[in-house]
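Me: I have a model open on my screen and would like to learn how to read it. Could you take me through it feature by feature?

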Amino acid sequence: MARIAIAAPVVLEDRLLDELRRHGHGTVARCDSADELASILADCGADIAIVAAGHRYLTGRLLEESDAEGVRVIALVASDAERRHAAALGLHELAEADGPWSQIESLIAGTVAAPPRRTGRGRVIAVWGPAGSPGRTTIAIAVAAELAAAGASVALADVDTHSGSIAPALGLLDEAPGFAAACRLAGANSLSRGELERIGERYLSGHGSFWVLTGIGRPNRWPELSGDRVAATLRECRDWVDYTVVDTGASLENDEEISSDLFAPRRNAATIAALREADDVIAVGSADPVGLSRFLRAHVDLVETVLTDRVTVVMNRVRPGAIGPHPAAQVAQALLRFGGISSPVIVPNDQPALDTALLTGRSLRDVSMRSPARVAIGRFVAARLLPEPAATVPTRRVGPFSRRAGSPRAGRRDRSR
């Protein structure tokens, strides 16, 4: 059971009280504003503060006091303006005010093990694979969903200059590509967290929502994604979210070697810039004879582009029908023998779940939590991308509860304004 302090409008507070009681949590304080809550944090014994994300209920002073007392803050957002306000204060543990309770409960459940409010720079994870549709977009969406479900703030960016696929895969509009807009702003030195949230779209999920920067819908717009602009955009994303997952193109060809104009824009520069900017690279291959052959040939170019210690190989759609009996062992053996690649991540094929995800525009996690493919991706994310769980530290409780702690609100004026 968690001990919760609340600062929210009456309507939202009533809902919180009902849900907290239903899920076995205790309410130790109910406050009119961020200043009132900040003044009693030292005495009320709260583990968590759940607040509305408006200026009245979320302030820099409240975050300073909560950090000092070891109290985590979860903000409930009801508009883009409130989300920008929370982001400007550096708070990324957010849930939709009118979303399902599971969003809030997942944040509460991760209170002890999850890291504190992020103060450092976020990480960039690039998802690459050779030509032939090995499942780059599927893996990128699944990784973003798993990171968001773990409580991290996440942005999913489509940097593919040949065939951007994230928007149609998630059922989002791409008439105004978000990543291209971000690149234009970066080129003018005008990109900021506020602008990223203005042009980004939200994929909403009860397991964990995340931002989406959609890709270009028409391939002839590729000059908008120059290498310098892509790198600058991803650097700004580091200060925006905990993780930026980038779906890249397939080609690693150095265009300047075949161009007579050394200063002309390069179509593959966006992919190469994203890979070089990334902290981690997920190299995706399709586990069938043709897919393995394509992957092994293209992997040679990948290791010449980025450092090999940042690359994790993920073999997708592993199935006996295409590779024979004991497919996981056969795939691993082929990679080791012909590419010197050890310890690949094996993702079993689950075509029904993948088809449902594509049909409904949802992530694999939202479609089927028990899907073998989702389980494999979830284990990979937990083992190699998320930080080690923090040690359990008991929350300090100072003195008796304040006079306001847990007290009824009879006679108080309506604060819903």
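Reply: Happy to. Let us begin with confidence: pLDDT is the predictor's confidence in each residue, from 0 to 100. This is a predicted model, so local features need pLDDT of at least 70 and side-chain atom pairs count only at pLDDT 80 or more, while totals for chains, interfaces and linings use all residues. Residues are numbered from 1 along each chain as its sequence is written, and side-chain values use heavy atoms, with hydrogens and water left out.

Me: What is the mean pLDDT of the protein chain?

Reply: The mean is 86, and 88% of the residues reach 70 or more. Helices (H or I, at least four residues) and strands (E, at least two) are DSSP runs, numbered from the N terminus. Confidence is lowest in helix α4 (residues 80–88), with a mean of 82, and highest in strand β10 (residues 243–247), at 98.

Me: Where does pLDDT stay under 50?

Reply: One such stretch is residues 111–120. Contact means heavy atoms within 4.5 Å, and the model has 20 contacts beyond four places in sequence for residues 111–120. Residues 390–417 also stay under 50, and there the model has 49 contacts beyond four places in sequence.

Me: Now the sheet. In what order do the 5 strands lie?

Reply: As a general idea, strands of a sheet pair through backbone hydrogen bonds, either parallel or antiparallel. Two strands pair if DSSP finds at least two bridges between them. Here the order is β2-β1-β3-β4-β5, in an open sheet with parallel pairing. At the edges stand β2 (26–31) and β5 (94–96); each has a single partner strand, so one side of each is left without a neighbour in the sheet. From one strand to the next, the twist averages 25 degrees. For such angles, axes are lines fitted to C-alpha atoms, for helices over the stretch in contact, and angles run from 0 to 180 degrees between N-to-C directions.

Me: How many bridges join β1 to β3?

Reply: There are 4 bridges between strand β1 (residues 3–7) and strand β3 (residues 48–52), which run parallel. I4 has I48 as its bridge partner in β3. On to β4: 5 bridges link β3 with β4, again running parallel, and A52 has L76 as its bridge partner in β4.

Me: Which strands does helix α1 lie across?

Reply: Helix α1 (residues 10–22) lies across β1, β2, β3 and β4 (72–77), and runs at about 170 degrees to β1. Helix α2 (residues 34–44) also packs on the sheet, where α2 touches β1, β2 and β3, and its direction makes about 145 degrees with that of β2.

Me: Which way do the side chains of β3 point?

Reply: In a regular strand the side chains alternate between the two faces of the sheet. In β3, I48, I50 and A52 point one way, A49 and V51 the other way, and all are buried. Buried means under 20% relative accessible area, exposed over 50%, and partly exposed in between (1.4 Å probe, protein chains only).

Me: How many residues does the largest nonpolar core have?

Reply: A nonpolar core is a set of buried Ala, Val, Leu, Ile, Met, Phe, Trp, Tyr and Cys residues joined through side-chain atoms within 4.5 Å. The largest one has 50 residues, and F179, L225, V230, L302 and L335 have the most contacts inside it. Helix α8 (residues 178–187) gives the most to this core, with 7 residues. Another core, of 44 residues, lies apart from it and includes A34, A38, A49 and I74. As for F179, its contacts beyond four places in sequence include L213, L225, V230 and L234.

Me: How many disulfides does a search find?

Reply: A disulfide is a pair of cysteine sulfur atoms within 2.5 Å, and a search of the whole structure finds 0. For C44, the nearest cysteine sulfur is that of C31, 7.3 Å away. C44 is buried, with a relative accessible area of 0%.

Me: Is S133 buried or exposed?

Reply: S133 is exposed, at a relative accessible area of 54%. S133 sits in the loop between β6 (123–128) and α6 (136–149), and its phi is near 55 degrees, a positive value in a residue other than glycine.
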